[in-house]
Amino acid sequence: MKREWSVEAATQALGELRPLIALLRDQRTALEALKQELLRLRRLERTGARPGGSDQSDLQAIDADGAAQEALITSSLIEVRIRALVDQMQASVDRVASRGIELRDIERGLIDFPATAFGRPFHLCWEEADGESVAYAHGLGEGFGTRLPIGEFLRRHAQPLRGV
């Protein structure tokens, strides 16, 4: 059963959602850093070199087998960390989705709450820049660019359904 949200309930849910979105954003940043490190190590595996300083220009040629082994062990550990981080992120996304909320953009903190008015489904729409309350709405299949203040959205959609 799909939950339908009121403006008040959606606004109240922001107290739980804000920290979760911030956590997801931090996790995504960490994931990107790990992916970059893994790519760097994969290049080292191919070249038979190992880090000799703080940046990649300080590579030292060493025994190719030893370098490959060292890079392989380190990259394997990073892969485990990546998998764990992806699992944590998925659990957070599932937590949001289990409440019937649609997470649209982690970076912007953009989320949609399913709602219904006048027999028509629509989305209550919030992003972090909106502040402390849910104040916008848009139709299903429409996006952020079409959202309106809730009062205006409801006035525009209050006409009876055509053909009914």
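Which side chain meets K35 in a salt bridge? I started my notebook with this one, and the partner is E32, with N to O at 3.3 Å. A reminder to myself before going on: this is a predicted model.

**Entry 1: the K35 pair**

I looked up where the two residues sit. K35 and E32 are three residues apart in helix α1, so about one helical turn separates them. I then checked the exposure of each. K35 is partly exposed, at 35% relative accessible area, and E32 also counts as partly exposed, at 37%.

**Entry 2: the overall layout**

I stepped back to see the whole chain. I find three helices and seven strands in the protein. Read from the N terminus, the order is α-β-β-α-β-β-β-β-β-α. The protein has 164 residues, and 32% of them count as buried. For the accessible surface I noted about 9,800 Å², with carbon and sulfur atoms holding 54% of that. I also looked at contacts between residues at least 6 apart in sequence: 49% of these join residues at least 24 apart.

**Entry 3: the nonpolar cores**

Which residues touch the most other members of the largest nonpolar core? I noted L17, I111, F113, L124 and V134, in a core of 21 residues. At least two residues come from each of α1 (7–47), β4 (110–117), β5 (120–126) and α3 (150–156). Helix α1 gives the largest share, six residues.

Leaving aside residues up to four places away in sequence, F113 touches W5, A10, A13, L14, L17, I101, F122, H123, L124, W126 and V134.

In soluble globular proteins, nonpolar side chains tend to be buried together.

How many salt bridges does a search of the whole structure find? The search gives 13. I followed two more of them by hand.

The R99 pair came next. R99 forms a salt bridge with E16, and their closest N and O atoms are 2.6 Å apart. This pair links distant parts of the chain: R99 lies in the loop between α2 (64–97) and β3 (102–105), E16 lies in helix α1, and 83 residues separate them. Both ends are partly exposed, with R99 at 24% relative accessible area and E16 at 30%.

Then I turned to D130. Its side chain meets that of R147 in a salt bridge, 2.7 Å from N to O. Here too the pair links distant parts of the chain, 17 residues apart: D130 is in the loop between β5 and β6 (136–139), and R147 is in the loop between β6 and β7 (148–149). Is R147 buried or exposed? At 14% relative accessibility, R147 counts as buried, because the cut-off for buried is under 20%. D130, at 22%, counts as partly exposed.

Last, I checked for shared partners. Salt bridges of this kind join E16, R95 and R99 into one network, so the R99 pair from this entry belongs to a set that also takes in R95.

Key. Residues numbered from 1 in each chain as written. Predicted model: local features only at pLDDT ≥ 70, side-chain atom pairs only at ≥ 80, totals over all residues. Heavy atoms only, no water. Core = buried A, V, L, I, M, F, W, Y, C linked by side-chain atoms within 4.5 Å. Buried < 20%, exposed > 50% of the residue type's maximum accessible area, 1.4 Å probe, protein only. Helix = DSSP H or I, 4+ residues; strand = E, 2+ residues; numbered from the N terminus. Contact = heavy atoms within 4.5 Å. Areas by Shrake-Rupley, 256 points an atom, 1.4 Å probe, with all protein chains shown as cover. Salt bridge = Lys/Arg side-chain N within 4 Å of Asp/Glu carboxyl O.
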